[in-house]
Amino acid sequence: NLLTRGNGKLGEGIHAWSIPPIDTCPGRSRLCSRVCYARSGRFRTRSMQSRLAENLAAAQADDFALRIAAEVHRRGVHVLRIHVAGDFYDAEYARKWATIARRCPRTTFYAYTRSWRIPPIVPALERLARLPNVRLWFSGDAETGPPPSLPPGVRIAYLQTDRHDQPAGDLVFRVRPLRSQPSARQPLYVVCPTEVAPRRSDVTCTSCRLCHR
């Protein structure tokens, strides 16, 4: 199998796909590179790094879209998160995911991306976002600022790395040290429910559905 199923945050109802972080993230900022969760914990294990490298090789093969689509159908995948680690590293790769989504119309795909900062990739992201079963989020932080324009159907996710940040977007993710602290300002935004203290074990991406409904 190329896809994994669930984790403590995603829950059991969501499958996921990942590739190596940083090198596949052309739109990354210095800030997100520094705090990237995919550079720590289980992502540092030899087995995980080997798995991510194998996934990247699979993604670069001509039959990638066919293989993923076949697995989605064979395993009955209802929701697929694209990139727990990694990003759309070029336009061709983004187009492969559009092909997969079109071949799997009963599956919902969702992803967060900073590749909106790379002009040659943007048209492919816009076409991907137009598909009815795709939920695409453009992500940013204090360093990137908000996207200059937003295609129809795309929402904004903001990475808050400082308590005094004023997030701008539809959804806020907070680095781990901030999750136990109240916001310095009256929040006018939604914080990811899995990152609100105290953490409830019954709240996962599967049960929340905010990002993929």
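Modeller: In this predicted model, a residue is called buried when its relative accessible area is under 20%, exposed when that area is over 50%, and partly exposed in between.

Biologist: Is I22 buried or exposed?

Modeller: I22 sits in the loop that runs between β2 (15–17) and α1 (30–35), and its phi is positive, about 70°, although the residue is not a glycine. Most residues other than glycine have a negative phi. The relative accessible area of I22 is 18%, and because the cut-off for this class is under 20%, I22 counts as buried.

Biologist: Which strands are the edges of the open sheet?

Modeller: The sheet is open and has eight strands, in the order β1-β2-β3-β4-β5-β6-β7-β8, with mixed pairing. An edge strand here pairs on one side only, and this applies to β1 (4–5) and β8 (190–191).

Biologist: In β6, which residue is the bridge partner of G140?

Modeller: Strands of a sheet pair through backbone hydrogen bonds, either parallel or antiparallel. β5 and β6 pair in the parallel sense over four bridges, and within this pairing the partner of G140 is Y158.

Biologist: Which residue in β7 stands opposite A157?

Modeller: Strand β6 (residues 155–160) is mostly covered, with five of its six residues buried. β6 pairs with strand β7 (residues 171–174) in the parallel sense, over four bridges, and the residue that stands opposite A157 is L171.

Biologist: How are the helices α4 and α5 oriented to each other, roughly parallel or roughly antiparallel?

Modeller: The axes of helix α4 (residues 91–103) and helix α5 (residues 122–129) come within 8 Å and cross at roughly 10°. Because angles under 35 degrees count as roughly parallel, α4 and α5 are roughly parallel.

Biologist: How many nonpolar residues does the contact of α4 with α5 have?

Modeller: From α4, the residues A91, A94, R95, W97 and A98 meet A124, L125, R127 and L128 in α5. By class, this contact has no polar and two charged residues, while the number of nonpolar residues is seven.

Biologist: At about what angle does α5 run to β5?

Modeller: α5 lies across two strands of the sheet, β4 (108–113) and β5 (134–140), and its angle to β5 is about 140°.

Methods. Residues numbered from 1 in each chain as written. Predicted model: local features only at pLDDT ≥ 70, side-chain atom pairs only at ≥ 80, totals over all residues. Heavy atoms only, no water. Axes fitted to C-alpha atoms, helices over the stretch in contact; angles between N-to-C directions. Parallel < 35°, antiparallel > 145°, perpendicular 65-115°, else oblique. Contact = heavy atoms within 4.5 Å. Nonpolar A, V, L, I, M, F, W, Y, C, P; charged D, E, K, R; others polar. Pairing = 2+ DSSP bridges. Buried < 20%, exposed > 50% of the residue type's maximum accessible area, 1.4 Å probe, protein only.
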